[in-house]
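Here are my notes on the model you asked me to look over, arranged as numbered points so that they can be followed alongside the coordinates.

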Amino acid sequence: MIKTFGKRILAMVVASAVVAGVTMTYGIPNIKYKEIKSSEPVVMTVNGDPVHADELRAYLKYNKMSMENMLSYYGMDDSIWSDPSMGSMMVQQLFQAASQQAIEVRVVNQEFKNLGLKLTRAESEAAEQRKEDDVALLGDQEAFQSWLDSIGYTKDIYNNTIAISAYASAIQDAYYGDNGTKTNTQAIMDQFNETYLCAKHILVKSIDDSYNPLTGDTLTAAQNKANEALEKANAGEDFDTLIAQYNEDPGMEMYPEGYVFTEGDMVDEFYQGAKALEPGQTSTSLVESSYGWHIIQREPLTEDQLTDDIKEVLIQQITGKTFMDEITELMDAADVEYTEDYGEATYDNLMKLLGEETTESTETTTTEDSAAAQETAPTGEQTTAE
């Protein structure tokens, strides 16, 4: 649970954080990870790179807010922190998530350097534009600073988050791009064409809106409608025009260029019917499924249809791993050490760290809980950002 939760938290940090406002400057933007200087104690090191207390505290505060937002979906509020049984577990998970974030940032930075990568001008400008867009989304610099304060982030911490996100994309391209070290663009596209299909169809339903089978005259009318559409398709009439006239699948309005799918995504009769066709070919007989009668037109796949989600599936098929798996392995291999200043996994100590009020009913057991925090320190439970 901790590992999965940490992945969700870290993904939210990278995906949803907004940035310190910086006006686009002439020349190449300076998107670069910078070690955060601090006079506060070092709480942990990652391959020798220090993490100071103020940085960990920011991650704790941000992740605490994120956890509370997630808990609210399940009808729970922040009183869970003071629950005698749940509170201790939640605090340990919180320390895990914050530590994982610190480790992920440093491991991605180190891998970026190890691969000898540099951000292109386009990548740097895209990251800089993201900053400007996010400030605009908040309204102005003052609103942005208030947001930063609310999550415990400094501008330096967030700027590093922006840089690490750009670094992760560059690493991903180095792994899987045109000249990827793990696989390459052409191999991914070949796998796409081998395992995915694109097809439009005309569906005439043999069931009603409650999924009950049609009977009697209603069924006969539906069969006649399907056969009429098939006859016109076989005569060479424009397929899109026939879709507009006969189709009863509302999903086709959302996918006018056709569904992109692989085995298991659609009912098997539809999948097999589309697979039997060549791109550009239309079925000459009705394909019957539990939904009704289909007339299928297979379409060629295009590179634009290769979404990030599909690409991730294909990369896993080719390499046996996702990008998240690759970064997780780097994190698992990292040399992570925790100092005596790392903190104790108790509610009161967490609230003191974050400068928030404690709950009087909460019991603090510093020795056992501190040991538990060290035992569950995430040296082998790491996450990554997409």
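Predicted model: local features only at pLDDT ≥ 70, side-chain atom pairs only at ≥ 80, totals over all residues.

1. The pairings of strand E1 can be followed residue by residue. With E2, strand E1 pairs in the antiparallel sense over four bridges, and Met 44 stands opposite Val 51 in E2. The two strands form a hairpin with two residues between them, and Asn 47 in the turn has a positive phi of about 50 degrees. Towards E7, strand E1 (residues 42-46) is joined by three bridges, again in an antiparallel run; the partner of Thr 45 in E7 is Glu 337, while that of Val 46 is Val 336. Four of the five residues of E1 are buried, so this strand is largely enclosed by the rest of the structure.

2. Helix H3 (residues 86-114) has 29 residues and reaches 41 Å from its first C-alpha to its last, close to the 42 Å expected at 1.5 Å a residue.

3. Which residues touch the most other members of the largest nonpolar core? They are Met 44, Tyr 153 and Leu 350, in a core of 68 residues, to which helix H6 (residues 155-176) gives the most, with 13 residues. Leaving aside neighbours within four places in sequence, Met 44 has contacts that include Val 51, Ser 99, Ala 102, Ile 103, Val 336 and Tyr 342. Another core, of 20 residues, lies apart from the largest one and has Met 252, Tyr 259, Tyr 271 and Ile 296 among its members.

4. The other sheet is an open one of four strands in the order E4-E3-E6-E5, with antiparallel pairing. Its edge strands are E4 (259-262) and E5 (287-288), each of which pairs on one side only. Strand E3 (residues 196-205) and strand E6 (residues 292-299) are paired in the antiparallel sense over eight bridges, with His 201 opposite Ile 296 in E6. Helix H7 (residues 185-195) packs on this sheet against E3 and E4, at about 30 degrees to the direction of E3; helix H9 (residues 239-246) touches E3 and E6, at about 40 degrees to the direction of E3.

5. Finally, H7 also packs with helix H12 (residues 308-319), at an angle of about 100 degrees and with the axes 10 Å apart. This angle makes H7 roughly perpendicular to H12. The residues in contact include Ile 188, Gln 191 and Phe 192 of H7, together with Ile 310, Leu 314 and Ile 318 of H12.

Conventions. Residues numbered from 1 in each chain as written. Heavy atoms only, no water. Pairing = 2+ DSSP bridges. Contact = heavy atoms within 4.5 Å. Axes fitted to C-alpha atoms, helices over the stretch in contact; angles between N-to-C directions. Expected span 1.5 Å × (residues − 1). Core = buried A, V, L, I, M, F, W, Y, C linked by side-chain atoms within 4.5 Å. Buried < 20%, exposed > 50% of the residue type's maximum accessible area, 1.4 Å probe, protein only. Parallel < 35°, antiparallel > 145°, perpendicular 65-115°, else oblique.
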